[in-house]
Amino acid sequence: MPVPVLVTGVAGFIGHATAHRLLARGEQVIGIDIVNDYYDPALKAARLATFDGLPDFTFHRMDVADVAAVAALVRDNGIRRVVHLAAQAGVRYSIENPFAYERSNLAGHLSILEACRAIDGFEHLVYASSSSVYGDKPMGGAGFVESEPAVSPVSLYAATKRACELMSESYAKLYRYPQTGLRFFTVYGPWGRPDMAYFSFTQKIIAGQPIEVFGEGRMARDFTYIDDIVDGIVGALDHPPEPGDHRVLNIGDSHPVGLMEMIETLERSIGREAVKVMRPMQPGDVTATYADVSKLHALTGYRPKVMLAEGLARFAEWYKGYYRVN
């Protein structure tokens with residue numbers, strides 16, 4: 001019987017898609033998630049319902065920061081590969097709710113590190129970091145490169161993600177097991193998170209409500225379609241570093257798009273025009289993100305395939321179906 005892969009945050013946007021990809025290629029998957037109410041629990045429940053009837057999937061409702069429970073789950077199932085995606089997300093939310101990030105991101109990551117190090121022959125821990133660790137980096141002609149210093153986070157969320165990278169670096173060296181941190185760049189697509197701009201804009205445009213455009217529309221993001229992100233996650237999982245090594249890799253589209261261009265593309269996908277209210281930058285936001293993905297490409301052949309217009313059209317189609325919009 002194959003040894004299952006543990007996917008944390010499996011009721012989340014990226015965890016849900018990653019687990020389905022692993023199942024589709026014949027893996028056994030154990031998924032855990034606390035299913036909190038940071039955003040609509042009904043959407044998380046609907047994601048989990050897509051696993052119903054799949055014999056190779058097992059779900060445990062569990063707090064990733066519950067050290068004893070996580071350790072027992074890993075030990076009792078002989079788990080040797082983990083894709084750790086559970087975290088408290090949201091840059092702006094971290095300004096108002098800092099202690100949620102202490103438990104989910106810091107204690108949760110440490111809980112996973114401890115569970116993995118107790119397993120003889122542990123093969124690979126792949127975990128979610130974030131492009132936010134780069135801080136508000138000036139936009140130049142080239143993308144953000146992993147070797148650049150990541151020492152000036154502008155939000156608590158970013159600081160916790162950088163702290164997770166440092167914890168993983170120390171655990172890899174101390175306990176000699178391979179780890180890969182993936183710095184995600186603005187993931188979007190069907191089954192996405194309602195707190196993300198493209199999703200909340202869609203809700204408001206369809207409802208005839210104005211949208212708030214922060215940074216007065218001058219921001220840019222490296223929007224990356226969910227299927228491309230999963231390509232990178234699974235590719236990284238299949239290519240572990242040497243025992244004792246820890247690496248961080250960018251995972252993005254490598255094609256930043258201005259916020260106003262994204263909104264125009266979304267309007268075409270929905271078939272409606274947005275009423276826009278311009279607002280200044282919010283605390284914790286960065287001006288632009290831009291992934292240099294050459295390291296991930298060299299390792300796995302990673303190459304994003306879905307451009308923004310196609311990805312937003314797929315999202316709009318899913319949204320109208322899921323929310324029964326005529």
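**Salt bridges**

I took a salt bridge to be a side-chain nitrogen of Lys or Arg within 4 Å of a carboxyl oxygen of Asp or Glu. The model is predicted, so local features need pLDDT of at least 70 and side-chain atom pairs count only at pLDDT 80 or more, while totals for chains, interfaces and linings use all residues. Residues are numbered from 1 along each chain as its sequence is written, and side-chain values use heavy atoms, with hydrogens and water left out.

I then looked up Asp238. Its side chain meets that of Arg25 in a salt bridge, 2.7 Å from N to O. Asp238 sits in the loop between α8 (226-237) and β11 (246-251), and Arg25 in the loop between α1 (13-24) and β2 (29-33), so the pair ties together parts that are 213 residues apart in sequence. Helices (H or I, at least four residues) and strands (E, at least two) are DSSP runs, numbered from the N terminus.

I checked how open the two partners are. Asp238 is partly exposed at 36% relative accessibility. Arg25 is partly exposed too, at 37%. My cut-offs: buried is under 20% relative accessible area, exposed is over 50%, and partly exposed lies in between (1.4 Å probe, protein chains only).

Next I took Asp76 and Arg75. They form a salt bridge, with the closest N and O atoms 3.2 Å apart. Both Asp76 and Arg75 are exposed.

I also noted Asp231 with Lys305. Their side chains meet in a salt bridge at 3.1 Å, N to O. This pair links distant parts of the chain: Asp231 is in helix α8, Lys305 is in the loop between α10 (294-300) and α11 (308-322), and they are 74 residues apart. Asp231 is partly exposed at 26% relative accessibility. Lys305 is exposed, at 60%. I also followed shared partners: salt bridges join Arg25, Glu27, Arg81 and Asp238 into one network.

**Helix packing**

I turned to a helix pair. Two packed helices are described by the angle between their axes and the distance between the axes. For helix α3 (residues 67-76) and helix α5 (residues 98-117), the axes come within 9 Å and cross at roughly 35 degrees. Axes here are lines fitted to C-alpha atoms, for helices over the stretch in contact, and angles run from 0 to 180 degrees between N-to-C directions.

The crossing of α3 and α5 is right-handed.

I listed who makes the contact. From α3 come Val67, Val70, Ala71 and Val74; from α5 come Ser111, Ile112 and Ala115. Contact means heavy atoms within 4.5 Å. By class I have six nonpolar residues, one polar and no charged. Ala, Val, Leu, Ile, Met, Phe, Trp, Tyr, Cys and Pro count as nonpolar, Asp, Glu, Lys and Arg as charged, and the others, Gly among them, as polar.

**Buried residues**

I looked up Thr160 in helix α6 (residues 156-175). Thr160 is buried, with a relative accessible area of 2%. A polar atom of its side chain lies 2.7 Å from the backbone oxygen of Tyr157. Leaving aside neighbours within four places in sequence, Thr160 is in contact with Tyr101, Asn105 and Leu106.

Arg183 lies in strand β6 (residues 179-184). Arg183 counts as buried, at 2% relative accessibility. Its side chain makes a polar contact with the side chain of Tyr134, at 3.0 Å. A polar contact is a pair of N or O atoms within 3.5 Å; within protein, one must be able to donate a hydrogen and the other to accept it, and residues adjacent in sequence count only if both atoms are side-chain atoms.

I found Gly215 in the loop between β8 (211-213) and β9 (220-221). Gly215 is buried at 4% relative accessibility. Beyond its neighbours within four places in sequence, Gly215 is in contact with Arg279, Pro280 and Met281.

**Positive phi**

Last, I checked phi. Most residues other than glycine have a negative phi. Val35 has a positive one, near 55 degrees. Val35 lies in the loop between β2 and α2 (41-49) and is buried at 13%. Thr186 also has a positive phi, near 35 degrees. Thr186 is in the loop between β6 and β7 (187-188) and is buried at 18%.

Definitions and conventions: Left-handed = near helix turned anticlockwise from the far one by under 90°.
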